[in-house]
Structure formats: structure tokens, C-alpha cells
Amino acid sequence: MAEEAFETVVATHHAEIHRYLVRVTRRPGDADDLSQETFIRAFRAHASLTPGSNVRAWLFAIATNLCRNYWRSESRRRRAHEAAGETAAHHEEAGGEETMVMEQAGEEIGRIVAALPLRQRLAFTLRKVHELEYESIGRSLDCSPDTARAHVFQALRKIRRGLDAHAAMRTESTR
Amino acid sequence: MTTVSRECREIEPDLIAVATAEAPAAAARRVERHVESCASCRSELARYQTVDGLVTAYRDTRAPEADPTLARAQLESRLADLRSRVMRYGVFDSPLGPIAIGVSEHGVSMVEYVRQAERTGGRLARRTGEEAVEDPRRTEGLYRELADYLDGRRTRLDWPLDLRRTRSDFQRRVLEATAHLPYGAVTSYAGIARQIGAPRATRAVAQALRHNPLPIVVPCHRVIGSRGDLTGYAGTRIGLKRDLLAVEGVHTVAGRGDYHVDRRAVYYKYLDGGEYCLPTCGGILEKPLGEFTVFGSRARAEAVGLQPCSDCRPDLHPLPA
């Protein structure tokens, strides 16, 4: 019975958790591993989950926790920076005059987000991409909802500054 | 942002909140009042509203190479493997002390007398080589049946058994033969050895039952020594064996550090016979216990379809209760 219920959990949430992990790690291979690990852990703990709990928020908490462990490794952090660099280079090549502004801005935000400190990046992605409540984000990050909110706002300030700088650079280069 | 007043600095978080549609009503009113008179914050607000729109665009772009198909397939296969190894267990207080009951996807895979200090899964998991997950809800129904059984309100535990933890084919045959011993019936290790076609393997049978992964359900307590002594149970907890037999109506007498079934106080059935006899019938008491299955009461013998022996007529001359 618990097994059947878990089937549904996987079917409902796996794709979204995977997307989240791809965004925050920027390495699809690692996201594959982490998403598997998230659900393996969830499977083990599923029985002890209080009935009526928010399964989605619980899965995000597990995934977030795994991300934090993942990022504690210095070499991974370095690889991620390289990955961010690669994507940036790739996008500069692909970026032509025709590219839509929104799309380009979206990509630019992706680069800025990748360079954010981990907790800001996680909080921002949980809130702005996956629209979790600050309560849940706080639980995922072991902080208060207010602190979670502060992380998100700090991320927004940096995105705003980053976009301003990007716009300024583009204006100069087109001159 | 050249001349940022204290008020502007203080209102900035609310301003971001308003721009990203997260502000409570009071904060929204504060910001509204402030930007009416502050052009710089008005443009800040507009800028953050733009950022919010772009963040939405970012959210809607596909994450890079976010194809979860492969990860999902790998996950499913890992889960399938995990499921086949996982044992969900609960520990319950029984009249015989704490008992752990574990189930796998194949059936009941563990029944174990546990000590109070060992009530957590780590040790159980290490011992069984399985993934032990504490899940009392999953095993609670089984425990209720077991409790009824230990109370004498139930005489069968028709549970699907997972015997994958058996150590050998021989042990499996021993456990299966033991599982078929009816309620209230007792046989000897030699009797089981005969039944599985290995009449000289009495000691090996005893060894196999010593490592019974499913005590009570596979009723090794119904298997005793050839002289009627209970011999051993759950390490040194011979009292449990006595109690389990008593529940089934087989009474034992205390002896030197052990208990034994009083051979004069039970009914006898030859291993492949269809009748039950008094102990006085045809020199039964001179024969080894290994040739018989014995019953504590006529009711238990008749419950498995046995007829009273037409020579000794246990139905007319029952043993004193």
C-alpha cells in the first residue's frame, strides 16, 4: 500500500524536482544523481511521514539538503563555476540580434543565479521558480521564513544589478 | 540612487515585495505613499517590476537539458531493487515481550524477540542484510493477529512467508515441514527429519530450527527432543516455548533446568496415520517420540481430521483434562 502511494509520489513530483536540481546545479548529470538520491531517501522515509504532510515541500527539502551537501565539496563548487562559464560562452556565441529580449534576459538571469551564494540560489529557485512558501523554504534551509525571504530579496537585488550591468555593457558594445 | 534617505533605505525591502507581488497590504500602502513623493524610489519600483517580469521569463525557460527521462528510468530500477530488499517492520509489546515483525514485498520475512534496548532498526537491518524501514502501520494488522493468537483467540496465522533468508535448501525444507505442523500438535526433531526424508539428520534439523527466521509463524516451538524435553528456544528462553505450547493446550512439566511434555498426558498419532491413540495403546510409550505427532487434547487432534483409534477408543476413555 505504501509502495503504491510512493509510485504516485514519483510520478507526480520527479520531473519538477529534477528541473529544480538542474537549475541549481547547472550540471544535468549531477541533477540526475541528486534527483535519484532525493527519491531513494524519500522512499526510505516515506512511511514515517505524517499523513497529510505537504509531500512536495518535503521533497524539495530533501533535494535542497542534498544540494547543500553536494556544494560543500570545494571541487564541485569549482566545477559549477566552470559550467556557468561554459554556458555563458555558449550563449554569447548563440546570441544574435534577433534573439528576443525576454529570452536573453532569462539566460542572463540564469548566469547571475548560478553565481549566487548557495543559500540565496536555493531560496531564490525554490521561491521564484517553484513557488514554495517561505515556511517550507525556511525548513529546507534550516532558517526562519524571514531569513529565507531575505535570501530571496538579496538574490533579486543582485539580479537587478546584474541586469543593469549587462544592459550597460550591451549598450556600449553596440555603439 | 545618489541621495538615498533613511526612509528610502528602510522602505527598499517593501518595495521589492510590492514589485514581486509579495507585500502584505500595509507594506503596499506604505510604498504607495512613499513613491508618490519620491521619484528615485518610483523608478526603483518600476525597475524591480521589470526584473520580476524577467524572472517570470526565466522561470518559463526550460532548464538546460532538463530531460528527466533517463534519471526517472534509473530511479525506477533502483526503487525496484530497493523494494525487493526492503523490510518494513514494527516492534510491538506482546505477552512474550517486545516482538519485531517485518514484511518484504514477498511476505513476512522476520519475526523476532527483541530486547528492550534493541528496539531500533539499525541492528535489525545489519543482521538481516535487508533495508529495514520502521513502519509500524504496515505490520500492525499482523501484530493484532499475533496478539489474538497468543491469547488463544486464533489458531492459525495464514501469512504469506518470505523464506529467502533461509541459509540452505535443507533449512527451507525443515521450515516448510515445521510450518505444516498443526496447532496444538507437537513432534520431535527426529520426526521432522523423517518427514523431510532425512531420518538421520536430527541434529541438523535442530540446528536449522535454531535459526528459524520466523518463530511462532513457523512453529518451531512445536518441535521438541525425542525424550519429550523442550530442548531449546530463542537462545535460552525456554520459558517462551513452554508458554506457547500452553496456549495451544500442550502442558509441560518442569524438570532439571528444562521442561518436558508428559508422555502419559498426550494423544498420539503415527506420523502417517489417520487416527489418534491413548498413550497406553500398543506399547506407544516404549517407542521413540520421533515416530509420532502428539496432541494436548482430543479437540486439537480432531480439528485436523483424525479419528479416534478403534482399539484404544480415546473418545470413550479420554485422558484426564
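## Briefing on a predicted two-chain model

Tyr267(B) is in contact with Tyr276(B), Cys277(B), Leu278(B), Val294(B), Phe295(B), Arg298(B), Ala301(B) and Pro314(B), when residues up to four places away in sequence are left out of the count. The model is a predicted one, and Tyr267(B) is among the residues with the most contacts inside its largest nonpolar core.

**Nonpolar cores**

- The largest nonpolar core comprises 59 residues, and those with the most contacts inside it are Val111(B), Val205(B), Tyr267(B), Tyr276(B) and Val294(B).
- At least three residues of this core come from each of domain 2 (84-165) and domain 3 (166-321) of chain B.
- Another core, of 53 residues, lies apart from it and includes Ile17(A), Ala61(A), Leu15(B) and Val51(B).
- As general background, nonpolar side chains in soluble globular proteins tend to be buried together.

**Helix 7 and helix 9 of chain B**

- The axes of helix 7 (residues 169-179) and helix 9 (residues 202-210) of chain B come within 9 Å of each other and cross at roughly 80°; because an angle from 65 to 115 degrees counts as roughly perpendicular, helix 7 of chain B and helix 9 of chain B are described in that way.
- On the side of helix 7 of chain B the contact involves Phe170(B), Gln171(B), Val174(B) and Thr178(B), which meet Ala204(B), Val205(B), Ala208(B) and Leu209(B) in helix 9 of chain B.
- The residues of this contact between helix 7 and helix 9 of chain B divide into six nonpolar and two polar, with no charged residue.
- Val205(B), in helix 9 of chain B, is also one of the residues with the most contacts inside the largest nonpolar core.

**Contact between the chains**

- Chain A contributes 34 residues to the contact and chain B contributes 32 residues.
- On the side of chain A that touches chain B, at least two residues are supplied by each of helix 1 (2-25), helix 2 (28-45), helix 5 (101-115), helix 6 (118-129) and helix 8 (145-174) of chain A, and the largest share, nine residues, comes from helix 1 of chain A.
- By residue class, the side of chain A that touches chain B divides into 17 nonpolar, eight polar and nine charged residues.

**Make-up of chain A**

- Chain A has eight helices and zero strands, and buried residues account for 38% of its 175 residues.
- Among the contacts in chain A between residues at least 6 apart in sequence, 67% join residues at least 24 apart.
- Ala148(A) has its place in helix 8 of chain A and is buried, with 26 other C-beta atoms within 10 Å.
- Leaving out residues up to four places away in sequence, Ala148(A) touches Ala123(A), Tyr134(A), Ile137(A), Gly138(A), Leu141(A) and Cys143(A).
- The C-alpha atoms of Ala148(A) and Arg119(A) are separated by 8.5 Å, with the two residues 29 residues apart along the chain.

**Residues with positive phi**

- Most residues other than glycine have a negative phi.
- Arg26(A), although not a glycine, has a positive phi of about 60°; Arg26(A) is found in the loop between helix 1 and helix 2 of chain A and counts as buried, with 25 C-beta neighbours inside 10 Å.
- Arg313(B), also not a glycine, has a positive phi of about 45°; Arg313(B) lies in the segment after strand 12 (307-308) of chain B and counts as partly exposed, with 13 C-beta neighbours inside 10 Å.

Terms used
Residues numbered from 1 in each chain as written. Chains lettered and ligands numbered in written order. Predicted model: local features only at pLDDT ≥ 70, side-chain atom pairs only at ≥ 80, totals over all residues. Core = buried A, V, L, I, M, F, W, Y, C linked by C-beta atoms within 7 Å. Buried ≥ 20, exposed ≤ 12 C-beta atoms within 10 Å, placed from the backbone. Domains from an automatic or database assignment. Contact = placed C-beta atoms within 7 Å. Axes fitted to C-alpha atoms, helices over the stretch in contact; angles between N-to-C directions. Helix = DSSP H or I, 4+ residues; strand = E, 2+ residues; numbered from the N terminus. Parallel < 35°, antiparallel > 145°, perpendicular 65-115°, else oblique. Nonpolar A, V, L, I, M, F, W, Y, C, P; charged D, E, K, R; others polar.
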